[in-house]
Amino acid sequence: MPPSPHVLVLGGTTEARELAAALAAHPGVRVTTSLAGRVARPGAVAGEVRTGGFGGAEGLAAWLRERRVDALVDATHPFAAAITANAARAAAATGVPAVVLRRPGWRPGPGDHWHTAPTLATAAELLPGLGTRVFLTTGRLGLAAFAHLTDLHFVVRSVEPPAPPLPPRLDVVLARGPFTVADESALLRERRIDVLVTKDSGGAATSAKLTAARALGLPVVMVRRPPLPPGVRTVPDVAGALSALGLSPR
């Protein structure tokens with residue numbers, strides 16, 4: 001990397017914020033974090049911040065050239081497949097070195113009762129045979145996949161209110177994590193939940209619900225991550241991303 005590099009971080013995750021802070025701590029390193037803008041009040045991020053899309057892979061490639069970006073780190077959510085694909089194409093088109101920061105996924109352990117699904121639609125197909133009161137933690141943008149399940153009662157937790165189409169029998173809990181195991185256990189009991197649906201986001205920040213479900217013996221429908229584009233370089237954490245950029249933790 002050049003003496004005063006410009007690093008673009010595609011953000012929206014805890015790891016992205018941590019990486020931006022680590023990069024900003026290095027004298028001479030310029031870091032810009034790009035946020036999709038889906039959350040009205042995102043947490044504070046070190047360095048420069050831009051909000052909104054780029055206009056696909058071509059738009060991102062143009063931005064990389066115009067802003068003289070020296071390295072790209074895709075630290076988006078593991079399910080942001082379109083953004084990750086565009087980032088890989090833009091990096092290849094411009095020759096900008098790129099790395100994908102992806103926290104490891106979750107794995108079932110003793111006492112877990114997991115049912116894996118490749119998509120939200122498949123997860124919805126599994127539900128009628130598993131329970132009638134569903135804690136749905138797949139994000140507010142994917143609820144349309146469950147809108148046809150009129151006989152089930154859903155509890156959805158979201159930072160902001162979800163938009164239709166929505167399941168007709170729905171309770172929305174507006175809250176921002178992280179949540180403790182005690183928090184999740186209380187919610188599951190109070191709402192009489194008998195099945196949990198979640199995405200394999202990975203990491204400790206949102207794993208408390210899985211611990212609570214295990215303790216209560218509840219089945220979990222786990223939506224698998226979409227595959228990464230072929231040939232992309234991945235790292236599991238912030239330290240790995242810094243190393244890939246030729247930097248050391250400070």
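Leaving aside neighbours within four places in sequence, D74 is in contact with L10, T84, V99, V100, L101 and R102; contact means heavy atoms within 4.5 Å. The model is predicted: local features need pLDDT of at least 70, side-chain atom pairs count only at pLDDT 80 or more, and totals for chains, interfaces and linings use all residues. Residues are numbered from 1 along each chain as its sequence is written, and side-chain values use heavy atoms, without hydrogens and water.

D74 belongs to strand 4, residues 71-74. Its relative accessibility is 2%, so D74 counts as buried (under 20% relative accessible area with a 1.4 Å probe, protein chains only; exposed is over 50%, partly exposed in between). The D74 side chain also makes a polar contact with the side chain of T84, at 2.7 Å.

Now to helix 2, residues 56-66. Its buried residues are A57, L60, A61, W63 and L64. R68, with a positive phi near 50°, follows the helix.

W63 is buried at 11% relative accessibility. What is the arrangement of the rings of F54 and W63? Their centres are 5.6 Å apart and their planes lie at 75°, so the pair is edge-to-face (centres within 6.5 Å, planes over 60 degrees apart; under 30 is stacked, the rest tilted).

Methods:
Helices (H or I, at least four residues) and strands (E, at least two) are DSSP runs, numbered from the N terminus. A polar contact is a pair of N or O atoms within 3.5 Å; within protein, one must be able to donate a hydrogen and the other to accept it, and residues adjacent in sequence count only if both atoms are side-chain atoms. Rings of Phe, Tyr and Trp (its six-membered ring) pair if their centres lie within 6.5 Å; planes under 30 degrees apart count as stacked, over 60 as edge-to-face and the rest as tilted.
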